[in-house]
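Dear colleague,

Please find below the structure that I am handing over to you.

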Amino acid sequence: MKVTTMERIEDKLYQNRYLVDTGRPHIKVRPHLSPSPNLLALTQICPAKCYEENDAGQVEIVVDGCMECGTCRVLCEANGDIEWNYPRGGFGILFKFG
Ligand code: SF4
């Protein structure tokens, strides 16, 4: 019987590639003085860690590495905290399956 070691999820995610569309982020955070609770929550729940709180307490996004999971869209698009679009064709996440 062949014994295999279990792969870690981080190692599998590392196989994916991301093509940056320089100067054209597909998600934008609406300018704000202080974030709504939902927007602030994205700093904790985005699986790609795209959202961060800056020194002024505002939430910023860097979309590099976004997996297009839609979590932030569900949580913050309807209330206007963010503007969400898919990346242009050929840009964004390139999943490697298997
Ligand atoms: S779509 Fe998912 S991975 Fe991309 S920024 Fe939103 S929560 Fe993060």
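Which residues surround the ligand? In this predicted model, the ligand is surrounded by Ile-27, Cys-46, Pro-47, Ala-48, Cys-50, Cys-66, Met-67, Glu-68, Cys-69, Gly-70, Thr-71 and Cys-72. Sorted by class, this shell comprises nine nonpolar residues, two polar residues and one charged residue.

As to the overall fold, the protein chain contains three helices and six strands, and their order along the sequence is α-β-β-α-β-β-α-β-β. The chain is more spread out than a compact globule, because its radius of gyration is 16 Å, well over the 13 Å that the globule rule gives for 98 residues. Its C-alpha atoms fill a box of roughly 60 × 30 × 25 Å along the principal axes. Of the 98 residues, 13% are buried.

The largest nonpolar core consists of ten residues, namely Ile-27, Leu-39, Leu-42, Tyr-51, Val-59, Val-63, Cys-66, Cys-72, Cys-76 and Ile-82. Helix H2 (37-45) and helix H3 (71-76) are the elements that give two or more residues to this core. Leaving aside residues up to four places away in sequence, Tyr-51 touches Leu-42, Thr-43, Cys-46, Val-59 and Ile-61.

Finally, Leu-13 lies in helix H1 (residues 9-13). Leu-13 is partly exposed, because 14 other C-beta atoms lie within 10 Å. The C-alpha atoms of Leu-13 and Asp-64 are 14 Å apart, and 51 residues separate the two along the chain.

With kind regards

Terms used: Residues numbered from 1 in each chain as written. Predicted model: local features only at pLDDT ≥ 70, side-chain atom pairs only at ≥ 80, totals over all residues. Near = placed C-beta within 6 Å. Nonpolar A, V, L, I, M, F, W, Y, C, P; charged D, E, K, R; others polar. Core = buried A, V, L, I, M, F, W, Y, C linked by C-beta atoms within 7 Å. Buried ≥ 20, exposed ≤ 12 C-beta atoms within 10 Å, placed from the backbone. Helix = DSSP H or I, 4+ residues; strand = E, 2+ residues; numbered from the N terminus. Contact = placed C-beta atoms within 7 Å. Rg over C-alpha atoms; globule rule 2.2 N^0.38 Å.
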